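Let's take a friendly walk through this protein model. Have the sequence and the 3D view open as you read.

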Amino acid sequence: FIAVNCAAIPENLVESEFFGYEKGAFTGADSSRGGYLEEANGGTLFLDEVADMPLPIQPKLLRAIQEKEVSRLGSRKTRQFEFRILSASNKNFENEVNTGRFREDLYFRLFSVKIVIPPLRDRKDDIPRLLYHFLKVYCRQIGKQVDGFSDDAVETLLNYDWPGNVRQLKNVVERLVIIADDRVLDYQS
């Protein structure tokens with residue numbers, strides 16, 4: 001399982017990170033190295049924040065995925081690979097394609113099965129389970145004993161819109177555990 005945060009790779013390194021390179025292919029290439037596509041061979045390549053992938057690399061990635069082969073930078077030799085691709089983004093792909101920020105052909109190649117996870121504000125029933133899950137995680141990490149949330153605290157957290165989704169809820173629970181003085185977290189915490 002190779003996880004790649006597409007938004008975190010500097011644009012000038014994207015090609016070498018995905019396709020690898022041979023020794024001497026560019027200044028600083030002191031040894032040969034396989035890229036993410038080679039590393040994922042036989043497994044799964046997870047492209048997180050794939051909508052943030054720079055446009056110039058998209059046709060090269062599409063071709064590599066279609067042909068199931070890659071050439072490292074500085075080499076003409078092709079290397080075969082076979083893997084599954086999972087991809088995720090917090091952006092609306094139809095909008096990204098329509099505005100020209102993401103190639104339509106790559107979109108169709110990557111998204112044969114689409115799973116849309118609604119924002120947390122649209123699935124309020126998940127909030128109590130997530131609260132207690134994160135409470136258990138952070139009590140263990142921080143070394144505190146907190147048993148739960150008051151009814152008022154749960155009600156307050158259920159009524160919040162959570163623009164930062166699950167990440168924001170997770171951070172709120174962590175902060176509440178850190179500052180907790182009691183074994184039950186109240187909405188004033």
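## The nonpolar core

A nonpolar core is a set of buried Ala, Val, Leu, Ile, Met, Phe, Trp, Tyr and Cys residues joined through side-chain atoms within 4.5 Å. Buried means under 20% relative accessible area, exposed over 50%, and partly exposed in between (1.4 Å probe, protein chains only).

This is a predicted model, where local features need pLDDT of at least 70, side-chain atom pairs count only at pLDDT 80 or more, and totals for chains, interfaces and linings use all residues. Residues are numbered from 1 along each chain as its sequence is written, and side-chain values use heavy atoms, leaving out hydrogens and water.

The largest nonpolar core holds 30 residues, and Val-4, Phe-18, Leu-37, Leu-45, Leu-47 and Val-50 have the most contacts inside it. Among the elements that each supply at least two residues are E1, helix H1 (14–19) and helix H2 (36–39). H3 gives the most, with four residues. Helices (H or I, at least four residues) and strands (E, at least two) are DSSP runs, numbered from the N terminus.

## The sheet

Three strands form an open sheet in the order E1-E2-E5, with parallel pairing. Strand E1 (2–5) and strand E5 (84–88) are at the edges with a single partner strand each, so one side of each has no neighbour in the sheet. Two strands pair if DSSP finds at least two bridges between them; E1 and strand E2 (residues 44–48) have four, in the parallel sense. Ala-3 stands opposite Phe-46 in E2.

## An exposed loop residue

Look for Ile-117 in the loop between helix H5 (104–110) and helix H6 (126–142). Ile-117 is exposed, with a relative accessible area of 63%.
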